[in-house]
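Please read the following account alongside the sequence and the model.

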Amino acid sequence: MRDTLSNRAIAAALAASIALPAMIAPALAEDFKGKTLVVGVWGGDIERLLRQNVVGPLEAETGAKVELVLGGTGDRLARIYAEKANPTMDIAFLNIYEAPQALKDGVVEAPDPKSPLYTEIWDGMNNGCYAMSLVGLGIAYNKKLVSSPPEWADMWKPEYKGKIAVAAYPGSEGDGLLGVAARLAGKDEHDADAAFAKVGELKPIALTYTNLDEAFAMMDAGEVAMAPMISGYVLAALKTHPDIGFSFPKSPGPVLVRDMLCLVKNSPNPELAKKFAELALGVKNQTDYAEQLYFGPTNKNVKLPESVSADVIDTPEEVKGLLQMDWPYVITQRSDWTQRWNKEVLGQ
């Protein structure tokens, strides 16, 4: 009998020792006070919405602080590669063409296919990191000079010679234009000679723009007729430029550009980073992205009003109609293409 009682006591003690961590684990998991989550992201309206929908709620829920490090993807990439052995950044927002390489180089975590972060996003979108938003490279145009929404081929018409603006290279706009030009020549981005020869036909370039304001000022002045631009930023800015329109060409279609949310590998705060990602990729934030910034959502559960849906890419069917480039290949060519762009497009 003593043995039986003893065994029962030991069993009870073991059960208690096992149960105790399980009981207090949630409390420990929520105790993020004193921690600071570091997130590298763009500024402007993207920063504003993230502070509103993600940073504020996350700080209120966890007691942690969130530091947004603002800048371009080049800054973030340089930091996470330099800190690969001892990262201080937890999340980095990257472009569609940077995320797969960052994963290959071991500086970001692979998306978890069993996570809701993954399954709530459209199939095929999580390439390297989690897909955050969808935009397309189309054409901004001066309505007084171009009578109807233009197709890509219209940029090469003689009446617009010397009135085409391009974005500074390297960048998504220039890569996209090369991909489009190659297809107009019957090739694709793997034939750089065909692409550069076609883009070279646009010379003289009216303007190499580094921000939308300078491009729109030249359009309003009648000096620029058309310029390849990324949809979200342009559509949001057109409210103050009634004489400027935006076209999603059909042949070939707009070039798909996708922002990605990346969890930095071995970051200091992986659980906080996942909580941030859940809010950033959630319905509320992605709906605001669409309604206020014209960035298409990737979350399957986002339902947009028809008036908003008409201006953004928000269905898998629309994505299929976009021109999807071989971005891993494009990235390997960036250095060589930068030299060719400066020489063959800008004549420098």
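D259 is buried (buried means under 20% relative accessible area, exposed over 50%, and partly exposed in between, with a 1.4 Å probe and protein chains only). Even so, D259 has no salt bridge, a salt bridge being a side-chain nitrogen of Lys or Arg within 4 Å of a carboxyl oxygen of Asp or Glu. The nearest side chain of opposite charge belongs to R76, 7.7 Å away; here Lys and Arg count as positive and Asp and Glu as negative, while His and the chain ends are not counted. D259 is found in strand β9, residues 255-263. Strands (E, at least two residues) and helices (H or I, at least four) are DSSP runs, numbered from the N terminus. Leaving aside residues up to four places away in sequence, D259 touches W42, L94, N95, Y130, A131, M132, S133 and F295, where contact means heavy atoms within 4.5 Å.

The model is predicted: local features need pLDDT of at least 70 and side-chain atom pairs count only at pLDDT 80 or more, whereas totals for chains, interfaces and linings use all residues. Residues are numbered from 1 along each chain as its sequence is written, and side-chain values use heavy atoms, with hydrogens and water left out.

Other charged residues do form pairs, and a search of the whole structure finds 13 salt bridges. One of them joins R183 and E189, with the closest N and O atoms 2.6 Å apart. R183 is partly exposed, with a relative accessible area of 24%, and E189 is buried at 2%. Another salt bridge links K198 to E201, and here the closest N and O atoms are 3.5 Å apart. K198 is buried, with a relative accessible area of 19%, while E201 is partly exposed at 41%.

K198 also belongs to helix α7, where it is among the buried residues. This helix is mostly covered, since seven of its nine residues are buried. They are A192, A194, A195, F196, K198, V199 and G200. What do the buried residues of α7 pack against? They pack against α6 (172-184) and α14.

Two packed helices are described by the angle between their axes and the distance between the axes. For α7 (residues 192-200) and α14 (residues 327-345), the angle is about 35° and the axes are 10 Å apart. Axes are lines fitted to C-alpha atoms, for helices over the stretch in contact, and angles run from 0 to 180 degrees between N-to-C directions. The crossing of α7 and α14 is right-handed, which means that the near helix is turned clockwise from the far one by less than a right angle. On the α7 side the contact involves A192, D193, F196, V199 and G200, and on the α14 side W337, R340, W341, E344 and V345. By type, the residues of this contact divide into six nonpolar, one polar and three charged. In this scheme Ala, Val, Leu, Ile, Met, Phe, Trp, Tyr, Cys and Pro count as nonpolar, Asp, Glu, Lys and Arg as charged, and the others, Gly among them, as polar. D193, R340 and E344 are linked in a network of salt bridges.

A further salt bridge lies within one helix. D288 pairs with K284, the closest N and O atoms being 3.1 Å apart. Both residues lie in α11 (residues 283-293), four residues apart, about one turn of the helix. An α-helix has 3.6 residues a turn, so residues three or four places apart point the same way. Is D288 buried or exposed? D288 is buried, at 6% relative accessibility, whereas K284 is exposed at 51%.

The buried residues of α11 are N285, Q286, T287, D288, Y289, A290 and L293. Their cover includes α2, β4 (130-142), α9 (231-237), α10 (270-280), β10 (296-297) and α12 (306-309). After α11 comes Y294, whose phi is positive, near 65°.

Helix α2 spans residues 45-62 and contains D45. D45 is partly exposed, with a relative accessible area of 39%.

Finally, the protein as a whole has 14 helices and 10 strands. Of its 348 residues, 49% count as buried. The C-alpha atoms fill a box of roughly 105 × 40 × 35 Å, taken along the principal axes. Among contacts between residues at least 6 apart in sequence, 73% join residues at least 24 apart.
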